[in-house]
Amino acid sequence: MSAPLLSIRNLTVDYQTDSPVRAVNNVFLDIRPGEIVGLAGESGCGKSTLAYTVTRLLQAPAEITGGSIEWRRDDGGITDVLSLDGPDLRAFRWQEISMVFQGAMSALNPVHRIGSQIEDVFIDHRSGLNRRERRERAAELLRTVGIPADRLRSYPHELSGGMRQRVMIAMALALRPRLIIMDEPTTALDVVVQRNILEEIDRLRTEFGFAVLFITHDLGLLLEISDRVGVMLSGRLVEQNTPDVLLENPSHEYTRHLLRSFPSLRGDVPLTGSRYIDSGEEVTA
Ligand SMILES: Nc1ncnc2c1ncn2[C@@H]1O[C@H](COP(=O)(O)OP(=O)(O)OP(=O)(O)O)[C@@H](O)[C@H]1O
């Protein structure tokens, strides 16, 4: 088994409000190169706080009160993520780890064309590229995520929700990061569009070899797409395992509860093509 790309050890994050909230509580999580790790749990369990901590986007009143996050660089050396700052942090954020968050409409600037927003990533991080090269790369990125290059001239409101989310994925891919964190990237989309985007992410992962930390409250979806799934409850990662083990032999009562809350994995949930449906396994309680 390859060495982890990202190692989260004993991480604890508190919101220092009048009555402090422990949003992340002693979390251990490794992500290996090329792996899709899913993080499930209901609203408020600390998933986004964990993602923001890894990407160092956490803001006051949040405070990291314990633990470490290590990143294995391409040269085999280790970067202490929690002590990164200045240009090193900026470079880490787009070149090593990038993010796709929920709500592409609010993440994209409504008054700028798609093309110029993608090119901005290159202006900030690839200052050696000239205008024509930036434009070519932006066009290539759009094609990579299945959008015709002439859409570079579109404004966000001229694209569908699914297309906007693809643009966000294109931007996240721009500098070829080794890990992409996706926080509810498809939640606002209808099921068919969601499925197309998930297939796209899997195809891109095969093509480019990046790892994915995929965060959603939707355990069913994670069981389908992930190599490993972690279940979070009140800031704790109460269980992490492969989808097969989680389905067949969940060790935590909360995981069993989440599994029971599926209507059925046999037929009437929209998991078309799922290997769990194909195998005909009965997993409802
Ligand atoms: N700015 C803040 N100030 C105080 N408490 C906060 C703040 N942001 C989040 N929290 C609390 O931290 C806990 C974890 O929230 P977080 O947003 O990480 O959960 P989540 O699982 O991502 O939920 P969701 O899916 O709704 O985004 C919750 O109890 C939340 O109320």
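This is a predicted model: local features need pLDDT of at least 70, side-chain atom pairs count only at pLDDT 80 or more; totals for chains, interfaces and linings use all residues.
Reader: Start with the ligand. Which residues come nearest?
Author: Tyr15, Ala23, Ser43, Ser48 and Thr49 come nearest, out of 14 residues around the ligand.

Reader: How many nonpolar, polar and charged residues are in that shell?
Author: The shell has 8 polar residues, 5 nonpolar and 1 charged.

Reader: Which element gives the most to the shell?
Author: Helix 1, with 3 residues. Helix 1 spans 47-54, and strand 2, at 21-31, also supplies at least two.

Reader: Where does helix 1 lie?
Author: Helix 1 lies across strand 1 (6-15), strand 2 and strand 4. The helix runs at about 60° to strand 2.

Reader: What order do the strands of the open sheet take?
Author: The order is 2-1-4-5, four strands with antiparallel pairing. Strand 2 and strand 5 (78-80) are at the edges; each has a single partner strand, so one side of each has no neighbour in the sheet. From one strand to the next, the twist averages 10°.

Reader: How many bridges hold strand 4 to strand 5?
Author: Those two pair over 3 bridges, in the antiparallel sense. Glutamate 70 stands opposite aspartate 80, which is in strand 5.

Reader: What does glutamate 63 touch, leaving out residues up to four places away in sequence?
Author: Val13, Asp14 and Gln16. Valine 13 is 50 residues from glutamate 63 in sequence, while their C-alpha atoms are 5.6 Å apart in space.

Reader: Different topic: strand 8. How many of its residues are buried?
Author: 5 of its 5 residues, which are 211-215.

Reader: Which way do they point?
Author: Ala211, Leu213 and Ile215 point one way from strand 8, and Val212 and Phe214 point the other way. In a regular strand, side chains alternate between the two faces of the sheet.

Reader: Which strands pair with strand 8 in the parallel sense, and over how many bridges?
Author: Strand 3 (residues 36-40) runs parallel to strand 8 and is joined to it by 4 bridges. Strand 7 (residues 179-183) also pairs with strand 8 in the parallel sense, over 5 bridges. The chain goes from strand 7 through helix 7 (residues 191-208) to strand 8, a right-handed β-α-β crossover.

Reader: Which residues are the bridge partners?
Author: Isoleucine 36 has valine 212 as its bridge partner in strand 8. Leucine 179 stands opposite alanine 211 in strand 8.

Technical notes
Residues are numbered from 1 along each chain as its sequence is written. A residue is near a molecule or strand if its C-beta atom, placed from the backbone, lies within 6 Å of it. Ala, Val, Leu, Ile, Met, Phe, Trp, Tyr, Cys and Pro count as nonpolar, Asp, Glu, Lys and Arg as charged, and the others, Gly among them, as polar. Two residues are in contact if their C-beta atoms, placed from the backbone, lie within 7 Å. Two strands pair if DSSP finds at least two bridges between them. Axes are lines fitted to C-alpha atoms, for helices over the stretch in contact, and angles run from 0 to 180 degrees between N-to-C directions. A residue is buried if 20 or more other C-beta atoms lie within 10 Å of its own, exposed if 12 or fewer, and partly exposed in between; C-beta atoms are placed from the backbone. A crossover is right-handed if, with the strands pointing away from the viewer, the path from the first strand over the helix to the second runs clockwise.
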